[in-house]
Amino acid sequence: METGSGEIGAATAAEPVWRGLPPGLLRMRRLLLVLWLGAAALAVGLLLGLLAGPGWAAFALLPLALMAWGWVLLGRNWRSWRYAERADDLLISRGVLWREETVVPYGRMQLVEVTSGPVERHFGLASVQLHTAAAATDAAIPGLDPAEAERLRDRLSELGEARSAGL
């Protein structure tokens, strides 16, 4: 009976094509983690070593332990982010412990922004921010390549205008 194999083919054809975030975002976040917690470890070690004695300077190991833990968590969080463009909507999935999947219908999009702060620009990254009629469904995709962010903005704006014209 061929109905079973036909259903499987139809199910795989309907599967969205997921895209992950570029590794530059992970590099940027890890560098910021090392800079901030490295500076904190140095400050804690120096201050406690000079003011309370060398034994207390061992508390400088706490920011270093946080750095190691944060390094692992940033990697897990980065791997959890992905997005997919479907025929009628955009899917954004993220989260390790608490998975969150946002579905943004193209016809509900009011504004699509591409932003890039100074640190993001240094790493060659940009973020796409989606605004909808309901503020609770606003969504963002961080750390994209600027060319991909602009392509996504243009495509989402075009699809949003086409879908909202029928309302």
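## Basis of the description

The structure is a predicted model, in which local features need pLDDT of at least 70 and side-chain atom pairs count only at pLDDT 80 or more, whereas totals for chains, interfaces and linings use all residues. Residues are numbered from 1 along each chain as its sequence is written, and side-chain values use heavy atoms, with hydrogens and water left out.

## The four-stranded sheet

Strands and helices are DSSP runs numbered from the N terminus, with at least two residues (E) for a strand and at least four (H or I) for a helix. Strands S1, S2, S3 and S4 form an open sheet in the order S1-S2-S3-S4, with antiparallel pairing; two strands pair if DSSP finds at least two bridges between them. The edges of this sheet are S1 (19–20) and S4 (100–105), each of which pairs on one side only.

Strand S2 (residues 82–85) runs antiparallel to strand S3 (residues 89–94) and is joined to S3 by four bridges, with Ala 84 standing opposite Leu 91 of S3. The hairpin formed by S2 and S3 has three residues between the strands. S3 and S4 also pair in the antiparallel sense, over six bridges, and Leu 91 has Val 103 as its bridge partner in S4. Five residues lie between S3 and S4 in their hairpin, where Gly 95 in the turn has a positive phi of about 110°.

## Burial of S3 and the setting of Ser 93

Six of the six residues of S3 are buried, so this strand is largely enclosed by the rest of the structure; buried means under 20% relative accessible area, exposed over 50%, and partly exposed in between, with a 1.4 Å probe and protein chains only. Asp 89, Leu 91 and Ser 93 point one way from S3, while Leu 90, Ile 92 and Arg 94 point the other way, and all are buried.

Ser 93, which is found in S3, has a relative accessible area of 2% and is buried. Its C-alpha atom is separated by 8.8 Å from that of Val 103, 10 residues apart along the chain. Leaving aside neighbours within four places in sequence, Ser 93 is in contact with residues including Trp 18, Ser 80, Trp 81 and Arg 99, where contact means heavy atoms within 4.5 Å. Ser 80 lies in helix H3 and is buried, with a relative accessible area of 8%; not counting residues up to four places away in sequence, Ser 80 touches Ser 93, Arg 94, Gly 95, Val 96 and Arg 99.

## Packing of H2 and H3

Helix H2 (residues 23–51) packs with helix H3 (residues 61–80) at an angle of about 165°, and their axes are 9 Å apart. Axes are lines fitted to C-alpha atoms, for helices over the stretch in contact, and angles run from 0 to 180 degrees between N-to-C directions. H2 and H3 are therefore roughly antiparallel to each other, a term for angles over 145 degrees, with under 35 counting as roughly parallel, 65 to 115 as roughly perpendicular and the rest as oblique.

Among the residues that meet across this pair are Leu 26, Leu 33 and Leu 37 in H2, and Leu 64, Met 67 and Trp 71 in H3.

## Strands S6 and S7

Strand S6 (residues 126–132) is joined to S7 by four bridges, and the two run antiparallel. Leu 130 has Ala 139 of S7 as its bridge partner. Five of the six residues of S7 (residues 139–144) are buried, so S7 is largely enclosed by the rest of the structure.
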